[in-house]
Structure formats: structure tokens, C-alpha cells
Amino acid sequence: MAGRPTHNKRYILNSIFMAISVIVMCYMIVLSQTTNHKLLKSIYIFVAVFLLVFLLYIAYSIAYRMIFVDSFTLGKNATWVMTKCHPLAAKKKLGAYTSLFTNIKEFKYFNQRFGTSVADRILQLYSKQISLFVKQAKGFCGRLGGDNFFIVIPNEQFEFVIQYLKNTPIEITVDEQLYKLRIKARAGIYRFNADTDFKNLIF
């Protein structure tokens, strides 16, 4: 598994947009200071303010992705899961949840059979699929790295999610041929209680 980032293009485009916006914003500010026409001055100031808000939004988006988004799968990471657990722990509600530390059984088989490029795609599809499934079960799922995931789910959904992780269906097309795979995962299980010390949750 190569584990290379897949969203560099998005960051490059955002950087280009930010650079252009800064240039245009500065130009609008200069124009607003050099004209005596009230309407034009108002337009220049409005455009400058709009671009400033746009820049702040892009900066926030980039920061959010750097902190909470896994650069390889583009799904959420374990840090995001922790942020979801924190308010539950503060309200003494964490006891209604169970945590799973999972990894795919014999993932190297996919590397050997299909090659690393296809195996990377399989991992990305798997991440997206189990994240959606866990979300529907009102839980949280984030990638720790490699083929490892951190999942927190309500206790009443535990068996439901475990059964899915034991035999997750994945479909992928390789060289115009459709493969229907079954991904099996193993999991370490920790059942929270109302007094679980959130600070001691160590990855």
C-alpha cells in the first residue's frame, strides 16, 4: 500500500485561488484609496471584503482537512472521532458506547493479487463504505493509518456493526473486469463506562 496523498491537486487549486484573491483584494483596496467616486469606492471596498471572507473560508477549509481528514482516503481520521467522543465523555454519556480498533485481515493478499495501486483503491473504497455504514448506525469512524480504523458505536448497534465488519462486501473494476470482494476485519474491543477517563484513550 503506497499511502500517498490523493488531494494534492485540491490544495494546489486552493493555493492558486488564495493567491489570486490576495492580489485582487489588494488591488481593490488600492483603487478604493485612489478614487473619489463614492460608488466606485463602495464597490471596491465590497469586493475587497468579499474576497477577505472567501480567503478566511478557504483557510478554514484547509485547516479542517489537515486536522480531521485522512489525506489518503479523504475520509475522517481518528482525531475527528476523538472530538466526537469528548462531549460524550464530558456529559458522562460515553458508557452508552463501545470502541473498536480494527484492521483488515491479510490485506497484503490484495497487494499481491492486484498490485499496490489497486490495493490502494480497495482500501479507499473500504474506508468510504464502512464510514457510511457506521454513520448510519449513529457511530463514528476514522482511519488511524494503514488498514487500521478507530470506530465508536452505540452499544445497541454493536453486534450489527461487528457482523458487517466480519464480511464487508466491496466491488471494484480492474481492467474492465468486476471483482466482488469480501473484506474481513479483526477488532480489539473496549466498552466504555460512564467514568471512562477520556484523557487515557491512547492510540
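User: Which residues does T168 touch, not counting residues up to four places away in sequence?

Analyst: T168 touches Y126, Q129, I130, L181, R182 and I183. Contact means heavy atoms within 4.5 Å. This is a predicted model: local features need pLDDT of at least 70, side-chain atom pairs count only at pLDDT 80 or more, and totals for chains, interfaces and linings use all residues. Residues are numbered from 1 along each chain as its sequence is written, and side-chain values use heavy atoms, with hydrogens and water left out.

User: Why is T168 called buried?

Analyst: Buried means under 20% relative accessible area, exposed over 50%, partly exposed in between (1.4 Å probe, protein chains only). T168 has 0%, so T168 is buried. T168 is found in strand β4 (residues 168-174). Strands (E, at least two residues) and helices (H or I, at least four) are DSSP runs, numbered from the N terminus.

User: What makes K92 count as exposed?

Analyst: The relative accessibility of K92 is 53%, so K92 counts as exposed. K92 sits in the loop between α3 (78-90) and β1 (97-104). Phi of K92 is near 60 degrees, a positive value in a residue other than glycine.

User: Why are α2 and α3 called roughly perpendicular?

Analyst: The axes of helix α2 (residues 38-68) and α3 cross at roughly 95 degrees and come within 7 Å. Axes are lines fitted to C-alpha atoms, for helices over the stretch in contact, and angles run from 0 to 180 degrees between N-to-C directions. Angles of 65 to 115 degrees count as roughly perpendicular, under 35 as roughly parallel, over 145 as roughly antiparallel and the rest as oblique. Therefore α2 and α3 are roughly perpendicular to each other.
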